[in-house]
Amino acid sequence: MMKKLSVNRRTVLKGTTAAAAGLAMPTFFSGAAHAGYTNEPKGGTVTFGFNVPQTGAYADEGADELRAYQLAVEHINGGGDGGMLNTFSSKALRGNGVNGKKVVFVTGDTQTKSDAARASAKRMIEKDGAVMITGGSSSGVAIAVQGLCQDAGVIFMAGLTHSNDTTGKDKRANGFRHFFNTEMSGAALGPVLKNAFGSDRTAYHLTADYTWGWSQEGSIKKYTEALGWKTQAAVRTPLGAGDFSQYITPVLNSGADVLVLNHYGRDMVNSLSQAVQFGLRDKQVNGKDFAIVVPLYSRLMAQGAGENVKGIFGSTNWHWSLQDAGSKAFVKSFGQKYGFPPSQAAHTTYCQAILYADACQRAGTFMPSGVGAALEGFKFDGMGNGPTEYRAEDHQCFKDVLVVKGKENPTSKFDVLEVVEVTPRAQVEYDAKMLGGNLGPYNNGS
Amino acid sequence: MDAIFLQILNGLDKGGAYALIALGLTIIFGALGVVNFAHGALFMLGAFVAVSVKAILSLEIVTLDPVNKTAWGTPVEIRLPYVEAWFGDYGAVLINYAVPISVLIAIPVMLLLGIAMERGLIKYFYKRPHAEQILVTFGLAIVVQEIIKSVYGANPIPQPAPDIAKGMIDFGILVGFEAGNVVYPAWRLIYFLFSAAVIAAVFSFLQFTTFGMVVRAGMADRETVGMLGIDIDRRFTIVFGMAAVVAGMAGVMYTPILSPDYHMGMDFLVLSFVVVVVGGMGSLGGAVAAGFLLGILQSFASMNEVKDIFPGIDQIIIYLIAVIILLVRPRGLMGRKGVMEH
């Protein structure tokens with residue numbers, strides 16, 4: 001028996017509704033053709049989400065980031081002395097908030113754990129209505145939160161993250177990084193190390209066993225081997241090992257004459273202190289003075305290593321002793337409010353908050369694709385790093401890199417590093433394709 | 001050969017710390033029947049006694065420089081420690097010897113802290129299940145470390161050894177190696193000797209004093225000792241205080257090796273429990289032997305020659321050995337029958 005096809009008003013309505021929903025589905029999820037966007041501010045305020053480590057080993061660095069964010073919000077809203085807004089080349093921000101809205105903020109605790117950081121970012125987006133997430137003190141965390149922000153349809157302005165992967169293989173359209181990376185550290189340090197220690201050197205690496213450590217080890221090996229250095233060994237050490245002496249004793253009679261410590265934070269403090277304890281800074285090998293290199297320095301953390309940092313080379317994103325107008329304005333503003341100079345973590349997070357606000361103001365919207373377009377290829381100056389560009393291809397800032405050395409005669413507990421060279425941006429620039437990855441499209445969410 | 005010798009030395013100083021913490025844990029477990037997860041916090045508190053002593057000795061007279069200004073426009077502060085202002089060079093010597101001075105100060109401080117902890121909290125959990133003891137002591141450890149963090153911050157705080165003990169000792173010459181082949185940091189050798197001395201003192205105390213005899217008897221059979229009319233509870237309070245002193249002194253002496261931070265106790269706690277289990281629950285000799293054994297094995301496992309054959313072995317060796325020993329000797333190396341078996 002043949003089935004009779006019956007068409008009535010109800011089936012037509014069902015069918016057209018289903019077809020309309022089906023056609024709308026892809027664009028709804030990508031958000032491209034959607035007028036609204038995630039957490040579009042409707043009232044007189046706009047909410048920023050500051051996701052920093054408030055507990056755990058990086059809590060002090062997180063506290064400094066939070067101080068900088070509070071200062072940035074104050075300046076954006078017209079409070080205080082205006083800090084680097086006075087020296088910033090863009091004059092879009094006028095001290096009356098962003099796009100006519102006063103900036104307010106919420107905070108989250110990353111605990112320097114990817115899952116905790118994602119949970120706090122999710123809470124700030126879903127419950128608190130944050131239109132942008134920023135902060136953090138670890139590459140693992142940055143990559144995890146960047147992915148979450150991409151999926152949620154908000155902009156992520158990375159905090160302190162130094163792994164190549166953040167704007168390399170794990171880059172996302174909604175993510176932007178002001179901080180430098182391991183590739184730039186290697187390119188900046190290489191020539192300085194050659195001048196200081198010559199081309200005939202044998203290096204021994206101790207490397208923190210996670211994404212940043214591997215990235216840092218790879219970059220330093222690449223640039224030092226290009227100088228003619230040999231790599232004796234590259235030993236992976238567990239994160240948070242505490243006592244590194246069992247990894248340092250094999251260095252003593254290995255024949256290596258340089259120890260590269262690809263460690264950050266507490267690991268750096270401990271491994272460097274213990275390397276000095278084992279006499280490596282004063283040792284002679286192959287007729288040469290033994291050298292220790294810490295590719296990524298943090299002044300805040302270097303204080304923990306005390307006098308052990310004296311004479312040790314490394315690189316840093318920014319240092320409070322810089323004498324350009326932007327740095328001086330920021331140090332003055334931060335120092336007057338808090339009574340001590342800002343760290344590089346504070347500097348990069350302050351810059352990120354200002355750069356985001358400025359981009360929103362220039363774009364006239366908080367929609368991620370609009371803000372992203374305003375940031376891509378944006379050239380600016382007056383923020384403490386000289387002329388800087390947010391490269392469109394990978395959302396990485398390109399600027400001069402500082403090579404620093406532990407100061408021999410510090411005048412205060414904050415005065416532990418001295419800048420030995422400002423490596424020009426051209427020397428640390430690389431092809432965006434080199435680090436792989438794909439930005440993909442912006443997600444404006446809904 | 002010199003590489004192996006260096007790793008043995010390294011294992012001994014590392015093992016010294018493990019043994020000292022495990023010794024205190026075992027005394028508390030053996031005598032009081034309490035699984036004390038706050039023992040790492042006592043080690044950390046000892047380290048912060050050193051930080052506090054150094055901070056007190058370094059208290060400064062602050063005067064404002066009338067001429068020079070900081071980068072943010074306030075007058076530069078000129079700082080001079082009070083002890084240097086009062087005692088001149090002797091004051092500088094006091095600051096230089098802050099760590100050894102802290103050991104002496106840590107003894108009464110840790111004894112009082114230990115007694116307060118036992119009287120205030122632990123004694124209420126003697127008859128409770130081990131799971132509840134673990135929960136409450138672990139909670140206590142977290143509270144203590146958060147208090148320390150709120151006062152001292154999260155960053156490590158450097159505590160240098162006295163200048164005289166900062167250098168290296170050519171230990172190899174003493175045992176027939178070529179000069180310069182086995183040089184080792186003086187302070188680490190001092191730490192090993194210190195831990196050996198403390199262990200010997202604790203054993204002697206328990207072995208050769210009447211007090212120690214009562215405690216050992218209490219460890220064997222608490223009820224019978226009580227029936228003999230001995231106030232075993234009061235003695236156990238002192239035993240807890242003593243274990244706190246041992247952990248605290250171990251913490252003080254460790255500060256030049258590892259800049260203390262609020263989390264250092266937790267880092268040692270897990271390892272020390274493995275040491276206690278491997279040594280045998282309640283066995284003092286076992287705890288000490290396992291401490292040194294695991295310290296040395298951990299050092300050997302970190303040698304590149306070993307890691308080339310078994311990649312990553314350095315990160316699991318302690319737990320691997322624990323599994324093997326517990327399979328072969330379920331009560332641990334020197335465990336006694338009946339302990340933790342009911």
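Predicted model: local features only at pLDDT ≥ 70, side-chain atom pairs only at ≥ 80, totals over all residues.
**Entry 1: where B meets A**

I started with the two chains. I found 35 residues of chain B in contact with 34 residues of chain A. Which parts of chain B supply at least two residues each to that side? My list came out as helix 1 (2-32), strand 4 (183-185), helix 12 (264-279) and helix 13 (284-301). Helix 1 of chain B gives the most, with six residues. I also sorted this side of chain B by class and got 16 nonpolar, 14 polar and five charged residues.

**Entry 2: helix 1 against helix 8**

Next I followed helix 1 of chain B to helix 8 (residues 186-208) of chain B. I noted two things here, since a packed pair of helices is described by the angle between the axes and the distance between them. The axes of helix 1 and helix 8 of chain B come within 8 Å and cross at roughly 30°. Angles under 35 degrees count as roughly parallel, so I wrote down helix 1 and helix 8 of chain B as roughly parallel to each other. Their crossing is left-handed. On the helix 1 side, the residues making the contact include Leu12(B), Gly16(B) and Leu23(B). On the helix 8 side, they include Arg188(B), Phe192(B) and Val202(B). By class, the residues of this contact are ten nonpolar, two polar and two charged.

**Entry 3: a bent helix**

Then I looked at helix 15 (residues 313-328) of chain B. Where does it bend? I found a bend of about 30° at Tyr319(B). The buried residues of helix 15 of chain B are Asp314(B), Ile318(B) and Ile325(B). Among what covers them I noted helix 12, helix 13 and helix 14 (304-309) of chain B.

**Entry 4: two single residues**

I looked up Met281(B), which sits in the loop between helix 12 and helix 13 of chain B. Is Met281(B) buried or exposed? It has 21 C-beta neighbours inside 10 Å, so I put it down as buried. Met281(B) and Met242(B) are 39 residues apart in sequence, with 19 Å between their C-alpha atoms.

My last stop was Thr237(B), in helix 11 (residues 232-254) of chain B. I counted 20 C-beta neighbours inside 10 Å; the cut-off for buried is 20 or more, so Thr237(B) counts as buried. Thr237(B) and Lys123(B) are 114 residues apart in sequence, yet 8.5 Å apart in space, C-alpha to C-alpha. Setting aside neighbours within four places in sequence, I found Thr237(B) in contact with Ile115(B), Glu118(B) and Arg119(B).

Key:
Residues numbered from 1 in each chain as written. Chains lettered and ligands numbered in written order. Contact = placed C-beta atoms within 7 Å. Helix = DSSP H or I, 4+ residues; strand = E, 2+ residues; numbered from the N terminus. Nonpolar A, V, L, I, M, F, W, Y, C, P; charged D, E, K, R; others polar. Bend = angle between axes of the 7 residues up to and from the residue. Buried ≥ 20, exposed ≤ 12 C-beta atoms within 10 Å, placed from the backbone. Axes fitted to C-alpha atoms, helices over the stretch in contact; angles between N-to-C directions. Parallel < 35°, antiparallel > 145°, perpendicular 65-115°, else oblique. Left-handed = near helix turned anticlockwise from the far one by under 90°.
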